[in-house]
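Let's take a look at this chain together, one question at a time. Keep the sequence and the 3D view open as you read.

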Amino acid sequence: IAVKVEESKETGNTEVKARHLLVSHTESQVPGLSNLTKEEARTRINELKQQVTVENFDALAKEHSQEPGAAERGGDLGWFTFGQMVSEFDTAIASQQVGTISDVVETPFGFHLILKEGERAQKDVRVRVIENKKLVKDDIIPPQSQWK
């Protein structure tokens with residue numbers, strides 16, 4: 001018999017689930033990601049800010065975000081802790097309410113709109129398997145040979 005025991009405790013850190021829409025520019029930290037000037041990128045992100053809703057965020061990110069892979073993931077960043085993103089991103093999302101879209105956030109990568117989808121306490125999960133062998137008849141009396 002195997003028993004799975006799962007132990008978890010909160011680490012004191014917070015995890016956030018978010019999506020983002022990135023409009024980059026030629027002065028960003030990632031050269032070649034965009035051919036827009038910084039002002040063109042700022043204009044574009046402000047236009048998108050006027051259109052974006054929680055309901056259409058995924059579709060707009062797939063269509064307009066310049067992050068590599070955005071067309072497949074819709075800007076999904078999954079769950080992450082503070083400190084994993086650049087400081088401007090962390091600062092913006094820390095004060096944001098779940099289910100809301102940020103104002104335009106400028107980072108070294110360009111301009112972002114951030115949809116905060118969730119927030120939870122981070123847990124440290126440890127799984128142990130405890131096995132107890134159950135006695136069967138053959139453990140006490142070995143099987144008899146068919147030949148005597």
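Leaving out residues within four places in sequence, Thr-26 is in contact with Ser-34, Asn-35, Leu-36 and Thr-37. Keep in mind that this is a predicted model.

Q: Is Thr-26 buried, partly exposed or exposed?
A: Thr-26 sits in the loop between β1 (2-23) and α1. Its relative accessible area is 47%. Buried means under 20% and exposed means over 50%, so with 47% Thr-26 lands in between: partly exposed.

Q: How far apart in space are Thr-26 and Lys-38, C-alpha to C-alpha?
A: Along the sequence, Thr-26 and Lys-38 are 12 residues apart. In space, their C-alpha atoms are separated by 6.7 Å.

Q: Is Val-52 buried or exposed?
A: You'll find Val-52 in the loop between α1 (38-51) and α2 (57-64). The cut-off for buried is under 20% relative accessible area. Val-52 has 10%, so it counts as buried.

Q: Which residues does Val-52 touch, not counting those up to four places away in sequence?
A: One of them is Ile-101, which is 49 residues away along the chain, with 8.3 Å between the C-alpha atoms.

Q: What percentage of the residues in the chain is buried?
A: The chain has 148 residues. Of these, the buried ones make up 30%.

Terms used
Residues are numbered from 1 along each chain as its sequence is written. This is a predicted model: local features need pLDDT of at least 70, side-chain atom pairs count only at pLDDT 80 or more; totals for chains, interfaces and linings use all residues. Side-chain values use heavy atoms; hydrogens and water are left out. Buried means under 20% relative accessible area, exposed over 50%, partly exposed in between (1.4 Å probe, protein chains only). Helices (H or I, at least four residues) and strands (E, at least two) are DSSP runs, numbered from the N terminus. Contact means heavy atoms within 4.5 Å.
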